[in-house]
Amino acid sequence: MVETQASEIKQWMVDNEITSVQIQTTNLDGTFIGKTLSCEKFLGGLEQGYPFADIVFGNDLGNFPVLGVAFPSWRGEMDDIFLRPDLKTLCVWRPGVAAVIGDFWTQEGEPVSVCPRNLLRKVTAQAAELGFGVKGAVEIEATIFEESVQTARAKGYQGLTPLGGTAGSAYVLGKSADWREYLEAVEQRLRWVGIAWEAWNDEAAAGQVEINVAVGDVVDVADRWARTRQIMREVAYELARTVTFMAKWSDAWGQASHINLSLTDAEGNAFYSPDGASEVMEHFIGGVMAAMAGTTSIALPFITSYRRLIPLEGPPTTVTWGHHNKTTAVRAITGHPAYSRIEYRLPGSDSNVYLVAAAVAGAGLYGVINHVQPPEPLAGLAWCRPESTGVELIPTTITEAAAALEADKVLPEVLGEEFVRYWLGTRRWEWLAFHTMGGGDPDAGLTPWESARYFELV
């Protein structure tokens, strides 16, 4: 079987004049990582995969080893773990170069428990056992700058010029030619690679863009999210521009990665009911809401992520849901047999969509299995609610969110206790790194430490 597969891929490489293969995945922090292999090396590793030192999940964004965290089962003294390619993702990345996305496995043939893509595939497998498919779509927000990345580095990522003009607005078509040049080049690359997208437009802040990844199987959508962001970076570098996915790169408006999710069954959209939300949708929302405080740690993974939580600027600040209500953390879109879904509005643009989708979809399935009833939907503005109303606030710091996750009872069951324990260790390490490696006062505004750590890698 493997020999036949290798023969077919080898012929595909010849037909497409491929001379090397880029193997791709993300680490826990959402950084797009991998290796470039010769065609021979790639063909030789189709079954076992390709070795990476386990520090791929053990070092932080500053390339320091994360300390104070017990080694889980897959870690050793820089043991190898293996990236196995998912050949459904094989494509021509650029002329002469192929690319494929993979998942991490241990030497013993077990899935690595903290591999983001493995976790999402685990959740979709559980959904399939229950008779459901998981559909998703992602809204990618980013900011593009006139300066090259070399100039941005030299300036410490400060004082950069947003591409397309300094006036912040939304849906403006009268943008300068350099703005269209960049986004039309991204659009062309997406078509070249075969990534389905739906729309792009400018967003609220100067230089800010939103690109909508088309609806599909949630694992495929997460793959497209990861590749689209890499393409946005590569096009920026080629045009001597810079792009960042920081949730809050300045005092300007923050940036999000809204995730839309629904379940399908044999009859179509399991969330649809002529009367509004189906029973499946209600229970799904019940599970999502039960785990929302804990999920915040995954949806807002970094120090800077919490700087985005400003009432009236767009992001949710309360643990709420509502029908067609964009001020709540979960917006339920109902009444359409194709488009009924939830929009999870909490994640920052710096979040790892594989992990967030796994947590939210997993919590939703937990709700379906256990018939969890959601709280009452919120009507009206979810921001600026006085404490007397009893509306719970989203955790406002990385340590508050970690504490909420540690107290959560749903996500350890959904994602595995090993992942939750390890993730908590890495987030607490992130807090420690900020306070001991030059971050300073988290209440004093965005720091140079955050820009240096997050601007290019999240």
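Residues 24 or more positions apart account for 71% of the contacts in the protein with a separation of 6 or more, where a contact means heavy atoms within 4.5 Å. The structure is a predicted model, in which local features need pLDDT of at least 70 and side-chain atom pairs count only at pLDDT 80 or more, while totals for chains, interfaces and linings use all residues. Residues are numbered from 1 along each chain as its sequence is written, and side-chain values use heavy atoms, with hydrogens and water left out.

Along its principal axes, the C-alpha trace spans about 65 × 50 × 45 Å.

Of the 458 residues, 60% count as buried. Here buried means under 20% relative accessible area, exposed over 50%, and partly exposed in between, with a 1.4 Å probe and protein chains only. The accessible surface comes to about 18,600 Å², and 52% of this belongs to carbon and sulfur atoms; the areas come from the Shrake-Rupley method with a 1.4 Å probe, and for residues only the protein chains shown count as cover.

I turn now to strand β6. This strand, residues 133–145, is mostly covered, with 11 of its 13 residues buried. Which strands pair with β6? Strands pair if DSSP finds at least two bridges between them. Strand β8, residues 208–217, runs antiparallel to β6 and is joined to it by eight bridges; within this pairing, E141 has E210 as its bridge partner. Strand β10, residues 259–265, pairs with β6 in the antiparallel sense over six bridges, and V138 stands opposite I259 there. With strand β9, residues 242–244, β6 forms three bridges, again antiparallel, and T143 stands opposite T244.

Next, helix α10, residues 398–407. Its residues I398, A401, A402, A404 and L405 are buried. They cover an arc of only 160° around the axis, which puts them on the same side of α10; the arc is that of the directions from the helix axis to the C-beta atoms. The cover over these buried residues includes α8 (292–299), α11 (411–415) and α12 (417–436). The face turned away from the buried side carries the exposed residues E406 and A407.

Two backbone details deserve attention. N63, in the loop between β3 (50–53) and β4 (80–94), has a phi near 70°, a positive value in a residue other than glycine. N63 is exposed, at 58% relative accessibility. Y157, in the loop between α4 (149–154) and α5 (177–193), also is not a glycine and has a positive phi of about 65°. Is Y157 buried or exposed? At 11% relative accessibility, Y157 counts as buried.

Finally, the cysteines. How many disulfides are there? The count is zero, a disulfide being a pair of cysteine sulfur atoms within 2.5 Å. For C91, the closest cysteine sulfur is in C39, 14 Å away and too far for a bond; C91 is buried at 8% relative accessibility. For C115, the closest is in C91, at 18 Å, also too far for a bond, and C115 is buried at 0%.

Methods:
Helix = DSSP H or I, 4+ residues; strand = E, 2+ residues; numbered from the N terminus.
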